[in-house]
Amino acid sequence: MSNNLHDPFGRKITYLRLSLTDRCDLRCFYCMSENMVFLPKKELLTLEELATLTDAFIDRGVRKIRLTGGEPLVRKGFMTLVHHLSTHLEAGRIDEITLTTNATQLSKYAHQLKSAGVARINVSLDTLNPLKFTHITRGGNLAQVLSGIDAAQSAGLKVKINAVALKQDNADDIPKMIAWAHARDIDITLIEVMPMGDEINRFDQYIPLTAIRDALEKNWTLSESGHNTGGPARYVNIKETGGRLGFISPLSHNFCASCNRVRVTCTGKLFMCLGQNDQADLRDAIRSGSPRALDHILDDAISRKPEKHNFDIKESKTSGQMPRHMSVTGG
Ligand code: SAM
Ligand code: SF4
């Protein structure tokens, strides 16, 4: 009998997003607060415990693992886990190991990642303007990120850019970013800012992607694409640039009906939905060394996977807001 993980809405869980650390070398203002307090390192699952955790999910039918954070490449020794996962990839037990990264450390790791079987990565980049980049990331250096992207492409990694659309800070730059990405044979996906983190009313940052799409269609010809990477993006082809553009629209177009994902934090907390608070703590079960205990928690948690998030941002009211910062669970 199959022991795959199915939720009460008939969705099969095949995709794990695993945060390796809550730390990051950038401080994007929509993601972190200015003075983030990070977890004491001793609270983090060790790399061996993270490997045990991934094995448990793989045994239960997960086929795709995305390493995220915080910034996954700042977790010391993270390549040990990538090498562990690559044994599963080689044995055909999973289809894909991938990462979401800010690219600051990619010059150092791109070749190692490619050699370990990583084929595609997502790089988060919101602007090509160095001053705006430093502003959005509170201090980051655009040149370092662009070198990281160059290194990834030279190593043969397929890069996709993810850009959060921000009403005041990058909405005007988006056509330029799309043209730049497509000229480099890079797909680009736009993301609506979500009301996560406790300190800011994100109405000032939020722009619906429907508005961005309308503006793009004034100059470009967009046609629906059947492309699907197993994530929440819906894609269009742009005739004039010859490239692909994705839209991740958690607010203006809810995509929860096809959700196949769960997220685990670097301390072992399993979040069944990015936009809900319910969670299950896997750490004790991992440390107990009992696969049955871990299986039992997974079954119980997945039976509670919510149908959808309730994110909504309006001038009058923001709802579904999560006090948790995005850097806790990763994207
Ligand atoms: N540090 C890595 C990076 O930036 O790619 C991985 C972690 S980061 C939390 C993952 C993704 O979440 C990034 O693409 C980032 O832009 C996105 N993100 C962070 N806060 C967000 C928010 N409030 N709304 C929408 N996306 C957000
Ligand atoms: Fe760091 Fe990524 Fe969050 Fe930016 S979005 S602060 S790079 S974790």
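The following questions and answers go through a predicted model.

Modeller: Residues are numbered from 1 along each chain as its sequence is written, and chains are lettered from A and ligands numbered from 1 in the order in which they are written.

Biologist: Is Leu 16 buried or exposed?

Modeller: Leu 16 lies in strand β1; strands (E, at least two residues) and helices (H or I, at least four) are DSSP runs, numbered from the N terminus. Buried means under 20% relative accessible area, exposed over 50%, and partly exposed in between, with a 1.4 Å probe and protein chains only. Because its relative accessible area is 0%, Leu 16 is buried.

Biologist: Which side chain of opposite charge is nearest to Arg 17?

Modeller: Lys and Arg count as positive and Asp and Glu as negative, while His and the chain ends are not counted. A salt bridge needs a side-chain nitrogen of Lys or Arg within 4 Å of a carboxyl oxygen of Asp or Glu. Arg 17 is buried yet has no salt bridge, and 9.9 Å away lies the nearest side chain of opposite charge, Glu 96.

Biologist: With which residue does Lys 64 form a salt bridge?

Modeller: The closest N and O atoms of the pair are 3.8 Å apart, and the partner of Lys 64 is Glu 96. Lys 64 lies in strand β2 (residues 64-68) and Glu 96 in strand β3 (residues 96-101), so the pair ties together parts 32 residues apart in sequence. Both residues are buried, and the partner asked for is Glu 96.

Biologist: Is Asp 173 buried or exposed?

Modeller: The side chains of Asp 173 and Lys 132 meet in a salt bridge, at 3.0 Å from N to O. Lys 132 has a relative accessible area of 27%, so Lys 132 is partly exposed. Asp 173 has 15% relative accessibility and therefore counts as buried.

Biologist: Which side chain has an N or O atom 2.5 Å from an oxygen atom of ligand 1?

Modeller: A polar side-chain atom of Glu 71 lies 3.1 Å from a nitrogen atom of ligand 1, and a backbone N or O atom of Thr 101 lies 3.3 Å from an oxygen atom of ligand 1. The 2.5 Å distance to an oxygen atom of ligand 1 belongs to the side chain of Ser 124.

Methods:
This is a predicted model: local features need pLDDT of at least 70, side-chain atom pairs count only at pLDDT 80 or more; totals for chains, interfaces and linings use all residues. Side-chain values use heavy atoms; hydrogens and water are left out. A polar contact is a pair of N or O atoms within 3.5 Å; within protein, one must be able to donate a hydrogen and the other to accept it, and residues adjacent in sequence count only if both atoms are side-chain atoms.
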